[in-house]
Amino acid sequence: MNFLTLENISKSFADKILFEEISISINEGDKVAMVAKNGTGKTTLLRIAAGKEIADVGKVFLRKEIKTGFLEKDPELDANKTVLEAVFDSDHPMLNAVKDYEAALLHPEKREQFDHAMEQMELLKAWDYEATVHQILSRLNVTQLEQKISTLSGGQKKRVALAKTLIDDPDFLIIDEPTNHLDLEMIEWLENYLGKSKRTLFLITHDREFLENVCEEIIELDDGKIYRYKGSYSYYLEKKALRDDVAQANVDKAKNLLRKELAWMRKQPKARTTKSKARIDSYYELKERASVDLEEDELKLEIKINRLGGKILEFHHVHKSFGDVKVLNNFTYKFKTRERVGIVGKNGAGKSTLLHMITGTEKPDTGKIVIGDTIIFGYYTQEGMRLKDDKRVIEVVKEIADFIPLVNGKTISASQLLERFLFPSFMHYNYVSKLSGGEKRRLYLLTILLKNPNFLILDEPTNDLDILTLNVLEEFLLDFPGCLVIVSHDRHFMNKLVDHLLVFEANGVITDFPGNYNDYLIFRDSQKTEKKTEIIKEIPVKISKEKIKLSYHERKEFDKIEREIETLEKRKLQLTDDMNAENIDFNTLQKHSKEFASVTKSLEEKTERWLQLSELA
């Protein structure tokens, strides 16, 4: 069954043509990803497919009988709604029953509301669906259901929108950059969830591991044309390389023929017969084919960096806490020359705090941080990307320097450097507001490197960058002679660049793991298997001749207390995240700290009662 057909679609903005007369067809069960360079119209094409934007020319056929879900790169949610209202914004009876049940769990003291919600869940047989909803919310860390959308960060809004899209359970899912703003564990879960799902998918992502493990077909949008590859991402790479070789061979053949035809043209025959006129027309066609430039744009990064001295950066017995939450607990570490380290941990574990402490914007509670005299930090961060929309691209660069030193002792101008960063001359006087998200990030990266850092910190650098840019950026970073610290949800990026990991564990403990992220996953999974085996061995086998049953009221209390424990655990995790948030004021921190102690005490009491009832159950 066909779900979507785009027939001879064309789209342009002002004088820029994105694509002309392209056609795409997606059938039930397909899992299709689209890849292309930044600024070539991927997001526009996805919005046209979802009916959110109109093509200049062409037709869109989206099957009406199916349920379609669309997740934008930067989703818009009603700022006046709560998370609960935004996630469960639907007329579906079962979804509304789960919504009422989740709302009742937030206020278990309202007995009548709680009992009514339980009755509706029983009536609609919605418990399996509720379990799926609960899994989606917990895995995406959407726990503060009463929080207003207006108070959420961009990343939190993306997770709420993703949760809503998955909970709506569409037949056809169209997603733009699903892995942005997710931590590594969330991405692994989403990858597994969508990979096993029978949903039809049409998505854009630059996460190469995600492409490899989820998608079964790759569509490439290149120079306004569509190329389809039935297979995984690695299959696409193989076939694309073959296509490029064939195209280059055809260009070379055309150039050889052109030399012969050029010699004939220069003879300037006096009598222009019909035959010679046709040959002249053929010459110009051949000239056009021979002049095709198949060379991939290269992001050439040869900027000179400042020399590193003997002392780099040292942490000596550093402690950092927010209220009762420990972020760093007696952390000691000495960075070495050409350090290549990845930082791994759940959202809210303290990764950003560590980066701020490295650059001196956050101070330790106790301990000492020593920075070498020659260190110049380059800090690429999502929050720091504040390029002015009313500036032209070349003005952004010239504000830092008109000429830039290279490693060979020469210099290049700002305009030459922009061209090396894949900004052709016709884009230099474009306003920043006209750039795509990936182009803005590439320009921001350039402004960081212009300062000649020898200690480079990259906090989620891969968001919105196209695969070409990522590949070349990786090659540059492999040769970068300074220190490199990376926080990224892109597993391919991490695996290729880091030598070891600093892993945030519980209670502010940071473990130095010798290996890349794939090595860490293997180690982590083996540890989980060993722990499960130990737990099974420790559980005493109890055989009772007479089974003791819970009374009706005890059963209701048991079910209720389970939900209360889950709610308290969610609140405890959220308080941990809130206390670890950037720029939190002291009064708010103190308030959260008191609530954290209260929630912890209540959780202990509820858990003890649950254990008593579970023995009877």
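The model is predicted. Its secondary structure comes to 19 helices and 20 strands. Of the 617 residues, 47% count as buried.

**Overall figures**

- The accessible surface of the protein is about 32300 Å², and carbon and sulfur atoms account for 50% of that surface.
- Taking contacts between residues at least 6 apart in sequence, 69% join residues that are at least 24 apart.

- Strand β7 (residues 200-204) runs parallel to β3 and is joined to it by 4 bridges. Within this pairing, alanine 33 has leucine 203 of β7 as its bridge partner.
- Strand β8 (residues 217-222) also runs parallel to β3, again with 4 bridges. Here methionine 34 stands opposite isoleucine 219 of β8.

**Histidine 500**

- Histidine 500 belongs to strand β19, which spans residues 500-504.
- The relative accessible area of histidine 500 is 10%, below the 20% cut-off, so the residue counts as buried.
- Its side chain makes a polar contact of 2.7 Å with the side chain of aspartate 512.
- Leaving aside neighbours within four places in sequence, the residues in contact with histidine 500 include Tyr333, Glu339, Arg340, Val341 and Gly342. Asp512, Phe513, Pro514 and Gly515 are also in contact with histidine 500.
- Tyr333, one of these contacts, is also a member of the aromatic cluster listed below.

**Lysine 164**

- Lysine 164 lies in helix α6, residues 154-167.
- Its relative accessible area is 19%; the cut-off for buried is under 20%, so lysine 164 counts as buried.
- Not counting residues up to four places away in sequence, lysine 164 touches Ala86, Val87 and Asp89.

**Aromatic pairs and cluster**

- A pair of aromatic rings is described by the distance of the centres and the angle of the planes.
- Tyrosine 233 is buried at 6% relative accessibility, and tyrosine 236 is buried with a relative accessible area of 6%.
- Tyrosine 380 lies in strand β14 (residues 377-380) and tyrosine 444 in helix α14 (residues 437-449), so the pair ties together parts that are 64 residues apart in sequence. Both tyrosine 380 and tyrosine 444 are buried.
- One aromatic cluster is formed by Phe315, Phe331, Tyr333, Phe335, Phe377 and Phe455.

**A charge over a ring**

- Arginine 442 lies over the face of phenylalanine 423, at 4.9 Å from the ring centre.

**Positive phi outside glycine**

- Glutamate 21 has a phi near 50 degrees, a positive value in a residue other than glycine. Glutamate 21 is found in strand β2, residues 16-27.
- At 60% relative accessibility, over the 50% cut-off, glutamate 21 counts as exposed.
- Lysine 125 has a positive phi of about 55 degrees, although it is not a glycine. Lysine 125 lies in the loop between α4 (111-124) and α5 (127-139).
- Lysine 125 counts as exposed, with a relative accessibility of 64%, whereas lysine 164 is buried.

Terms used
Residues numbered from 1 in each chain as written. Predicted model: local features only at pLDDT ≥ 70, side-chain atom pairs only at ≥ 80, totals over all residues. Heavy atoms only, no water. Helix = DSSP H or I, 4+ residues; strand = E, 2+ residues; numbered from the N terminus. Buried < 20%, exposed > 50% of the residue type's maximum accessible area, 1.4 Å probe, protein only. Polar contact = N/O pair within 3.5 Å; in protein donor to acceptor, adjacent residues only side chain to side chain. Contact = heavy atoms within 4.5 Å. Pairing = 2+ DSSP bridges. Areas by Shrake-Rupley, 256 points an atom, 1.4 Å probe, with all protein chains shown as cover. Phe/Tyr/Trp six-rings, centres within 6.5 Å; stacked < 30°, edge-to-face > 60°. Lys NZ or Arg CZ within 6 Å of the ring centre and 35° of its normal.
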